[in-house]
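This report walks through one structure, from its cavities to its ligand and its backbone. Keep the model open while you read.

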Amino acid sequence: MDSIVVRGNGPLNGQIPIAGAKNACLALMPATLLSDEPLTLTNAPRLSDIATMTQLLQSLGAEVTSMQDGQVQAMSCHGAINTRAEYDIVRKMRASNLVLGPLLAREGRAEVSLPGGCAIGARPMDIHTDGLAKMGAEIDLRDGYLHAKADGGKLKGAVIDFPFASVGATENILMAATLAKGTTVINNAAREPEIVDLATCLRAMGAQIDGDGTSTITIQGVDRLHGATHRVVTDRIELGTYMLAPAICGGEVELLGGSIDLVGAFCEKLDAAGISVEETEKGLKVHRKNGRIRAVDVVTEPFPGFPTDLQAQMMALLCTAEGTSVLEEKIFENRFMHAPELTRMGANIEVHGGTATVTGVDKLKGAPVMATDLRASVSLILAGLAAEGETRVGRVYHLDRGYEQVVRKLSGVGAQIERVHGE
Ligand code: EPZ
């Protein structure tokens with residue numbers, strides 16, 4: 001198993017290019033199931049999760065060709081479709097459940113394995129299945145699989161009120177509704193930029209969608225969708241992660257491709273902590289205003305609130321802030337597993353349920369630590385960039401799921417970082 005070794009090396013300076021969004025691409029790729037014409041995605045990130053989605057779509061009968069070093073995904077589903085998403089693939093990546101809506105819409109049936117447990121929370125699919133049931137799908141759970149069948153072979157439009165603005169459920173219902181008979185309205189829909197990106201792509205394929213980016217999305221079903229080419233939106237979580245590098249270490253870094261509208265709530269917290277974020281022609285420039293970071297309180301919320309996927313990284317910053325910060329995790333019930341690892345590096349953190357209290361210390365100290373999930377892994381790397389001595393982060397396969405070329409991007413701005421194979 002690979003690990004990443006980081007040594008604190010002072011301020012970082014230079015530019016970091018930000019890739020296309022993992023969480024947009026994982027929703028965009030299943031959209032190919034909605035048409036028998038080609039869908040091409042450009043600016044796709046090169047990640048192990050994208051490779052898993054490719055494997056899943058190929059197992060369903062799609063042709064997926066990766067080009068230009070993986071930044072272009074050309075997909076097509078003109079042949080016969082297999083409607084069964086196997087456990088062996090689904091258990092590797094929860095986002096596999098985003099084939100449920102498109103398969104039901106196209107074939108009138110689907111057998112999708114439930115993903116099973118996840119480190120950060122229970123993550124049920126009730127909002128997905130209740131919504132599809134409203135559209136006339138009969139769904140039951142057998143042998144660990146959701147068996148779904150559209151009444152009369154075709155879904156019908158419905159008014160669906162979500163109890164919570166779930167990202168995945170919004171994406172599944174949005175895709176399913178594009179080919180349904182009649183109009184679907186999703187109330188309390190998720191508003192994340194990845195939803196807007198998906199809706200933009202579906203419109204390019206001929207779908208009729210209004211209201212994406214707001215809490216109410218209306219979809220007028222059509223008979224068929226055609227092919228399209230779509231550029232994947234910038235990854236706001238990768239962007240936020242690297243914005244924290246100069247914040248934690250000092251120096252000034254420009255994030256190429258970044259924009260404030262993707263990270264508004266996050267920038268407000270950075271500003272309160274003493275970090276300057278400026279828009280440039282090419283992206284965002286980040287540096288400390290002066291001296292030490294100030295403590296701030298954070299509550300994670302659905303977009304446009306503070307993203308849960310930046311909570312761990314923000315905790316790494318606040319470990320050396322002046323004063324005490326309180327972080328409340330409101331989206332997932334078990335997303336503080338990075339805290340004990342940061343404590344091994346000398347941080348002062350108390351966790352009670354969904355609340356973590358971080359009292360800033362002068363300096364962190366390098367130590368061997370373990371990644372427990374994707375965002376926790378990168379928070380340990382960020383902490384290591386500012387720590388005294390060496391930090392060795394184990395189980396970095398978590399990191400490969402969501403960050404491409406971490407070593408190259410961070411060493412490009414002066415970090416001392418390397419990947420060590422098989423240790
Ligand atoms: C997406 O997950 C992202 N993943 C997550 O990013 C992200 O943390 C999350 O949205 C929230 O922003 C992808 O896009 C692939 P949800 P998703 O449905 O769709 C509960 C990362 O680090 N819920 O909005 O699974 C659920 O348990 C990952 O890149 C139900 O109760 O998130 C959770 O507590 C991690 N029933 C909350 O809602 C449901 O049917 C939010 O889940 C669905 C969700």
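## The largest cavity

Arg-236, Leu-262, Val-263, Gly-264, Ala-265, Phe-266, Phe-303, Pro-304, Gly-305, Pro-307 and Leu-310 line the largest cavity. A cavity is a set of points on a 1 Å grid over the protein atoms alone, where a 1.4 Å probe fits but cannot get out; lining residues have an atom within 4 Å of a point. The volume of the largest cavity is about 40 Å³. Volume here is the space filled by probe spheres set on the points, with grid points joined across faces, edges and corners. The structure has three cavities of 30 Å³ or more. Rolling a probe the size of a water molecule over the atoms shows where empty space is left.

H9 gives the largest share of this lining, three residues. Helices (H or I, at least four residues) and strands (E, at least two) are DSSP runs, numbered from the N terminus. By class, the lining of the largest cavity holds eight nonpolar, two polar and one charged residues. Ala, Val, Leu, Ile, Met, Phe, Trp, Tyr, Cys and Pro count as nonpolar; Asp, Glu, Lys and Arg count as charged; the others, Gly among them, count as polar.

## Ground rules

This is a predicted model: local features need pLDDT of at least 70, side-chain atom pairs count only at pLDDT 80 or more, and totals for chains, interfaces and linings use all residues. Residues are numbered from 1 along each chain as its sequence is written, and side-chain values use heavy atoms, with hydrogens and water left out.

Helix H9 spans residues 264–273 and contains Glu-268. Glu-268 counts as exposed because its relative accessibility is 60%. The cut-offs are under 20% relative accessible area for buried, over 50% for exposed, and in between for partly exposed (1.4 Å probe, protein chains only). Accessible areas come from the Shrake-Rupley method. Glu-268 and Phe-306 are 38 residues apart in sequence, yet their C-alpha atoms are 9.3 Å apart in space.

The peptide bond from Phe-303 to Pro-304 is cis, with omega near 10°. Pro-304 sits in the loop between strand E18 (298–299) and helix H10 (311–318). Both Phe-303 and Pro-304 are in the lining of the largest cavity.

## The ligand site

The ligand is surrounded by 21 residues, and the closest are Asp-126, Ser-166, Asp-309, Ile-331 and Arg-375. A polar side-chain atom of Arg-375 is 2.7 Å from an oxygen atom of the ligand. For an N or O atom in the side chain of Lys-22, the distance to a ligand oxygen is 2.9 Å. Pro-124 places a backbone N or O atom 3.3 Å from an oxygen atom of the ligand. The protein covers 85% of the 820 Å² of accessible area that the ligand has on its own.

Helix H1 (22–28), helix H5 (126–134), helix H6 (167–177) and helix H12 (374–386) each give two or more residues to the shell. H5 gives the most, with three residues. The shell has 10 nonpolar, five polar and six charged residues.

## H6, an enclosed helix

H6 is largely enclosed by the rest of the structure, because 10 of its 11 residues are buried. Among them are Glu-171 and Asn-172. At the start of H6, a side-chain oxygen of Ser-166 comes within 3.5 Å of the backbone nitrogen of Gly-168.

## A buried charged pair

Lys-409 lies in helix H14 (residues 406–411), and Glu-238 lies in helix H8. Lys-409 counts as buried because its relative accessibility is 6%. Glu-238 counts as buried because its value is 2%. Their side chains make a polar contact at 2.7 Å. A polar contact is a pair of N or O atoms within 3.5 Å; within protein, one must be able to donate a hydrogen and the other to accept it, and residues adjacent in sequence count only if both atoms are side-chain atoms.

Arg-123 has a positive phi of about 50°. Arg-395 has a positive phi of about 55°. Most residues other than glycine have a negative phi.

Note on methods:
A residue is near a molecule or strand if one of its heavy atoms lies within 4 Å of it. Accessible areas come from the Shrake-Rupley method with a 1.4 Å probe; for residues, only the protein chains shown count as cover. On a 1 Å grid over the protein atoms alone, a cavity is a set of points where a 1.4 Å probe fits but cannot get out, and a pocket is an open set with protein on both sides within 12 Å along at least five of seven lines; lining residues have an atom within 4 Å of a point.
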